[in-house]
Amino acid sequence: MLKKLKECEPDLIFITGDLINSDENEISPMLDLVKKLREIAPIYFSLGNHEIEYEKRTGIDLTEKLEKAGAKVLEEKFVDVTVKGQKLRIGGLYTAYIPEDYEVHEWGNAKEQAEFLKEMEDTERYKILLSHIPNTWMYYDTAATFDLDLIFTGHVHGGQAILPFGGGLYAPDMGYFPGRLSGVYEKGHTQVILSRGLGSNTEVIPRFNNIPEIVEVELK
């Protein structure tokens, strides 16, 4: 994987969470990987459900450890950067649930999430959001609600097993045969890039006919 990433010659590396399993006991391989990735390009990281569940289980602050390893962790945060003369705003949000009147839900405080997104969209820079769970952006048209240019997301593993003519078999939080589970989607003026990722949830079903992927994106 490191060899392939080096061949891509990336300006930035984005990780949208679930770099470990929530029941993991040893996190040094994750941190070692981040250190090696940082030698290739700056890393921006948004937490996935496995990181969040790991923190709840162990009390260990993964954000602190990931940042010491070299990643910039973004959770309801954004940074402004300039890459090859291009001004970007990069933000991170585990996920969001809109409308705003859903004050508190299983994925956080909707009012706070909406306030963060409104603050993030208030710029002339090109706006990139890293957000682990795709449901909100894919199925509730929330991507079109805010002035975001590009959203990177994952979580659903491409459907675990991809069946001929049937598509992805299963996705977390969405059940069986939920529809398109990878690729580029247009939501208003926003593009949503949903990655199949590199791993799998073997407790549910092994990965089958579902090639792991590193997504390479060129902004023009």
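**Strands first, then a helix**

Modeller: This is a predicted model. Strand β9 (residues 150-153) runs parallel to β15, and the two pair over four bridges.

Biologist: Which residue stands opposite Ile 193 of β15 there?

Modeller: That's Phe 152.

Biologist: And how does β14 pair with β15, parallel or antiparallel?

Modeller: Antiparallel, with five bridges between β14 (residues 183-187) and β15. In that pairing, Tyr 185 sits opposite Val 192 of β15.

Biologist: What's in the turn between β14 and β15?

Modeller: The two strands make a hairpin with two residues between them. Gly 188 is in the turn, and its phi is positive, about 65°.

Biologist: Is β15 mostly covered or mostly open?

Modeller: Mostly covered: of the five residues in β15 (190-194), four are buried.

Biologist: OK, switching to α4. Which of its residues are buried?

Modeller: In α4 (residues 62-69) they are Leu 62, Leu 66 and Ala 69.

Biologist: Why do they line one face of the helix?

Modeller: Looking down the α4 axis, the buried residues fall within an arc of 60°, so they end up on one face. An α-helix has 3.6 residues a turn, so positions three or four apart point the same way.

Biologist: What do they pack against?

Modeller: The buried residues of α4 pack against α2 (28-38), β2 (43-45), α3 (49-58) and β3 (71-73).

Biologist: What happens at the start of α4? And what follows the helix?

Modeller: At the start, a side-chain oxygen of Asp 61 comes within 3.1 Å of the backbone nitrogen of Thr 63. After α4 comes Gly 70, with a positive phi near 125°.

Key:
Residues are numbered from 1 along each chain as its sequence is written. This is a predicted model: local features need pLDDT of at least 70, side-chain atom pairs count only at pLDDT 80 or more; totals for chains, interfaces and linings use all residues. Side-chain values use heavy atoms; hydrogens and water are left out. Buried means under 20% relative accessible area, exposed over 50%, partly exposed in between (1.4 Å probe, protein chains only). The arc is that of the directions from the helix axis to the C-beta atoms. Contact means heavy atoms within 4.5 Å. A polar contact is a pair of N or O atoms within 3.5 Å; within protein, one must be able to donate a hydrogen and the other to accept it, and residues adjacent in sequence count only if both atoms are side-chain atoms. Two strands pair if DSSP finds at least two bridges between them.
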